[in-house]
Amino acid sequence: MYYNKVEICGIDTSKLKVLKEKEKHELLIKSLQGDTVARDKLINGNLKLVLSVIQRFSSRGENCDDLFQVGCIGLIKAIDNFDISQNVRFSTYAVPMIIGEIRRYLRDYNPIRVSRSVRDTAYHAMQIKERIMNEQQREPAPEEIAKEMGIKKESVVLALEAIVDPVSLYDPVYYDAGDTIYVMDQIGDNNSDVNWIDEILLKKSMKELPEREKTILSMRFMNGMTQTEVAKEIGISQAQVSRLEKGAMDRIKSHRNISI
């Protein structure tokens, strides 16, 4: 998406300069001393860092120009707030700042609108949660947060859930031995009226498969079980279930010419 697009916000990305660490350090010192020229050079020298970050949000269908501009705001905040006395690379500090700025933008301009009062409740709850985690090295229960805020536990839970970014069914959950497990693989389908596989054709084609693969497909698509449930039932890993399922489906499609 971003490597094929030469211009973002009128900037030719192929000509962006990448600063060396020594250059960054020198420009950071000057910038924090009020040198606006050094600050501009530092911003321009880190625009490729912004580009690399916004690629993480490419699956959301957002306008890349908008994300780039928001990412630049995060970069500027990182430059203005960076502590050069700390033994930390600038990019290590800047990336979370850029990501945070983009996430705030996506949350605030999400088409699913969340009221200001709910967002304020959620942000207050998150601050309390982070403080307790830092002080006690554990995650507090919703009841603890609610007690400190003087509100009901249900209000805390609902507020925190309201600001969670939506998850795509095609988002990867984890990788194992080259196999990717997606969110959709962990969701069962018990709705027989909207089954995405023609059950009759599948049963006929399954007769040619090895017994274990027949069992996996039957449990997955006849019984509506998730890959996790299948793996637990037959005693293998979820990655193995995914691999066997994919192989079986490929054979069915090639032998029977079924569109799945």
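**A close look at one helix position**

Author: Ala-125 counts as buried because its relative accessible area is 1% (buried is under 20%, exposed is over 50%, partly exposed is in between; 1.4 Å probe, protein chains only). This is a predicted model, where local features need pLDDT of at least 70 and side-chain atom pairs need 80 or more, while totals for chains, interfaces and linings use all residues. Residues are numbered from 1 along each chain as its sequence is written, and side-chain values use heavy atoms, without hydrogens or water.

Ala-125 sits in helix H6, residues 116–136 (helices are DSSP runs of H or I with at least four residues, strands are E runs with at least two, and both are numbered from the N terminus). Leave out residues up to four places away in sequence. Ala-125 then touches Ile-145, Met-149, Val-156 and Leu-160 (contact means heavy atoms within 4.5 Å). Take Val-156 from that list. It lies 31 residues from Ala-125 in sequence, yet their C-alpha atoms are 6.8 Å apart.

Now step past the end of H6. Gln-137 lies in the loop between H6 and helix H7 (142–149). Gln-137 counts as exposed because its relative accessibility is 67%. Its backbone also stands out. Most residues other than glycine have a negative phi. Gln-137 has a positive phi, near 55°.

Another loop gives a contrast. Asn-46 lies between helix H2 (36–44) and H3. Asn-46 is buried, at 2% relative accessible area. Its contacts, setting aside neighbours within four places in sequence, are Leu-19, Lys-24, Leu-75 and Phe-90.

Next, helix packing. Two packed helices are described by the angle and the distance between their axes. Helix H3 (residues 47–54) packs on helix H5 (residues 90–108) at about 55°, with the axes 10 Å apart (axes are lines fitted to C-alpha atoms, for helices over the stretch in contact, and angles run from 0 to 180 degrees between N-to-C directions). That angle makes H3 oblique to H5 (under 35 degrees is roughly parallel, over 145 roughly antiparallel, 65 to 115 roughly perpendicular, and the rest oblique). H3 contributes Leu-49, Val-50, Val-53 and Ile-54. H5 contributes Ser-91, Ala-94, Val-95, Ile-98, Ile-99 and Ile-102. By class, this contact has nine nonpolar residues, one polar and no charged (nonpolar: Ala, Val, Leu, Ile, Met, Phe, Trp, Tyr, Cys and Pro; charged: Asp, Glu, Lys and Arg; polar: the others, Gly among them).

A second pair sits later in the chain. The axes of helix H10 (residues 211–222) and helix H11 (residues 227–234) come within 10 Å and cross at roughly 135°. H10 is therefore oblique to H11. This crossing is right-handed. Thr-215, Ile-216, Met-219 and Arg-220 of H10 meet Gln-227, Val-230, Glu-233 and Ile-234 of H11. The classes here are four nonpolar, two polar and two charged.

Finally, the whole chain. It has twelve helices and four strands. Of its 260 residues, 34% are buried. Among contacts with a separation of 6 or more, 58% join residues 24 or more positions apart. The accessible surface is about 16,400 Å², with 50% on carbon and sulfur atoms (Shrake-Rupley method, 1.4 Å probe; for residues, only the protein chains shown count as cover).

Methods:
Left-handed = near helix turned anticlockwise from the far one by under 90°.
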